[in-house]
Amino acid sequence: MQRRHADAELPQELVLAIQRVLELNPGQNDDPLDDLSNNFNPVDVLNQLFPDEASLARLDAVQAKLAQDERELQAEIDSLQEALQRDQDPGRMQLIQEMISDLLGQMSRIREKASESEAVVRNITKDIQALDLAKKNLILSMTTLKRLQMLVNALTQLEDQVKEKRYAEVAHSLAAVKQLSATFKSYTSVHLIMQVWKRIQQIQGETRSQLDAEFDSFFLQDLSKPFKTTQITDACAVIDVLGLDVRTQLIERYVALELKEYRRIFRASDEAGHLDNITRRFAWFRRLLTAHELEIGRVFPAEWRVGWWLFSKFVSITRDDLSTLLSKAGQSLTVKLLLETLQQTTEFQLSMAKKWATPVDEILKTASPPTVQIQSMSSAFEPHLGVFVDAQDKALADMLAPHRGPKTRSSVDTTSKPSTTTSTPRASLSTPDEPEPAPIVLPSSTELFYFYAQSLDQCAKLSTGQALFDLCGVQKKWLKIYAEDVLSPKLKRPQIQSRKSMDSRLDKAELQQACLLINTADYCQVTAAELEEKIKEKLNEKFKEKVKLQAERDLFMSVVSAAINIQLRELELACDGAFNTMSRANWGAMSHVTGHSPFMSDITQATEQVAELIKPLVEQKKYLRNFIDKASSLLLMRFTNALVKSRPLKEIGAEQLLIDLGVFKSCLLKLPGEILSTSSYTRSLTKITTRLEALLKVIVTPVDPPEGFILNYTLVIGDASFSNFQKILDLKGTPKAEQNSLLDSFLTITSTKTDLESTSFLSSLDMDPSTSLAVGSPATSRIALPLSSTSAAESVFSALSSPSLSGPPTGSSNDGSAKGNEKREVFSDIRRFVTFGLRPPS
């Protein structure tokens, strides 16, 4: 029953209809019983009526109210049913249908009477419409005849005015004739109209021929004799009436006459027309333009812009000559002549644009026929600007020649700056006794980009098209050469020799060179990005997408990678003797512990010396953080290698190594300093050293009793690995006879401990580490020793066997407080550019 009631949901349309009939507003309904939606819940209503036990006292009152509501609702339902029965009375419905039929009949009769009335009115007004049409045709005929009379009269006047050369009046009459004749174009089938139309065309032809003769006489007149300029000015007005094509032909004829002498004097085959005499061309045109403006040009209307037409035709002729001369020059064309000629041409065009306050391209477009497109004179040099690009290529080769190759390897290249065609020696501002301060970057890099900026600006003034794009290709080429042939050779060392035991002397020159190369490579890759944006700003749109210097920036980041590798190599060489001494220590001969070992002083001293030397020399702190991360992991790896190689450790040796490890950890924690220290570095370093401490603490524990020793292992190490436990016994120096008994006990005890892991950090501990250096030549090996990454603690022991690891990239420390002290952030994800891989020794 309840299930059927729950399924019997009222449609939403019915609910809304009931609410409208009962004038219920769901938003303002205070009585929950009036809710007609499907979400009605009687339990909620009961909880609302009886919120607590005390409210049950009102049960009788609530029942009485509900009964009263039920009676009122029933009464309302009965009244609505009675009203519905009255409305559904059959007699009343029949009456309504009869009334609708009568109404439709009346509408039909009204429509018929309206049609009859319309026919009567049309018959009455038929004669009136005929009269209106006759009136309209009569008015049109009178107007046409009147216009024809006016056209004939104007045509007669025009003939007389043309014969008498009264051009001021001819202009007005001809304009009137052309305007009137346009209305008779549709009547040319009429014989009389056709005769008038032919006569108009004939008079226009005669007028044009007469004006051509007038202007020819004017153009070829002797300027020493007086001439009526007013007559020519009036004739110009007639030319405007005849049409734009007539005016264009007249101007072109005048321009051709004016430049006829120019063509004769400056032929490409004559000496005056050679490239080195281009200034004579411009001087000749300036004189021509001045004479035109002072004499003949004054009679032309200003809107004709005859001076623009002279310039446009001069540009067209000169451009063709320049193209011919440049093509004939071929290989004999020098950069000096090319640039001088192009500069003079550009200056001339700019002077003309400034004279008329209009861009040259707009002048050429306005003062030329619609079907002809005239290009600027400077565009003739575009196909030949490869000579300029080749000259820049040669200049760069000469600039970098002293710095290329392995023979140029030195600490800094500041002893003498390379001589270039654009640089001059600078006077020193310091006294001879004062040493020159060490540079932050190689001066050759700043000279390179200074030269790039100069050549880029110079080329952009000449062309922003193919030539500038070709120059970008040359600059890309020499960026790659600078990274591979100038910076990279400074990183290579012919041979690496391990220093003798306890020999912790540093190669300061090598470290300074590495710092200098880091700064230089970073400067180059940042400036290369700025260079790319600068080139895109100047280039045409169709070349912008092709400009990419990302590959060259990657090369510079690889130089940074190799330079940091050199720093790690020098640090390892400085500590190598002390680690060798540690690996040969005889811990079994020790009877007691006395402070930290002497070799630990050498290690900490060498580490601090390297860090103090590098910190002030490297500009970007992200590279320092990267070096410190990898240096810490490298030293911890060498410490663990020496620990394994120095076995057996015995209990006394393990205690001594615990003290040494504490000193080593303190040194590494202080290594970054306050500025470079990060929480991730401290956390990772602590995690690794804690595991080394756990290893040593297990070795310190006495073997007797075996159960206590094994339980301590399971608590500290936390695994049930048979091989890992055997590694502990080997490091401890337990005799083979005792090892078998301990291993059996280990298997017995761990078999009952199901919560132990099968592996731990000891699983990756190499018991036969390599004796070679972990960091080799930058040309043969690279190193990645992750410390600040999340997997650092798990990877440090596997690094003992020299596998390939993925370490943090250069500058990957997430120190939010140090970001504000950096000068710039170059890459959002520098992981792509600087990575170090640890290769197994050959």
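**Salt bridges and packing**

Author: D398 and K394 form a salt bridge, with their closest N and O atoms 3.3 Å apart. The model is a predicted one. Both D398 and K394 belong to helix 15, where they sit four residues apart, about one turn of the helix. An α-helix has 3.6 residues a turn, so residues three or four places apart point the same way. D398 has a relative accessible area of 42% and is therefore partly exposed. K394, at 56%, is exposed, because the cut-off for exposed is over 50%.

A network also occurs: E164, R166 and E169 are joined into one by salt bridges that share partners. The structure holds 23 salt bridges.

Another of these is found in helix 4, residues 59–87, which contains both D69 and K65. The side chains of D69 and K65 meet at 3.2 Å, N to O, and the two residues are four apart, about one turn of the helix. D69 has 22% relative accessibility and so counts as partly exposed, since buried means under 20%.

A further salt bridge pairs K477 with D393, the closest N and O atoms being 3.1 Å apart. This pair links distant parts of the chain, for K477 is in helix 17 (residues 466–487) and D393 in helix 15 (residues 386–400), 84 residues apart. K477 is partly exposed, with 38% relative accessibility.

Helix 7 covers residues 191–219, and its 29 residues should span 42 Å at 1.5 Å a residue; the end C-alpha atoms are 42 Å apart, so the two values agree. Buried residues of helix 7 include I193, V196, I200, I203, T207, L211, F215, F218 and F219. The buried residues of helix 7 pack against helix 5 (90–164), helix 6 (167–183), helix 8 (229–242) and helix 9 (244–258).

F300 is one of the residues with the most contacts inside the largest nonpolar core, along with F285, F311 and F639. That core has 193 residues, and its largest share, 15 residues, comes from helix 20 (residues 550–583).

Note on methods:
Residues are numbered from 1 along each chain as its sequence is written. This is a predicted model: local features need pLDDT of at least 70, side-chain atom pairs count only at pLDDT 80 or more; totals for chains, interfaces and linings use all residues. Side-chain values use heavy atoms; hydrogens and water are left out. The expected span of a helix is 1.5 Å times one less than its number of residues. Buried means under 20% relative accessible area, exposed over 50%, partly exposed in between (1.4 Å probe, protein chains only). Contact means heavy atoms within 4.5 Å. A salt bridge is a side-chain nitrogen of Lys or Arg within 4 Å of a carboxyl oxygen of Asp or Glu. A nonpolar core is a set of buried Ala, Val, Leu, Ile, Met, Phe, Trp, Tyr and Cys residues joined through side-chain atoms within 4.5 Å.
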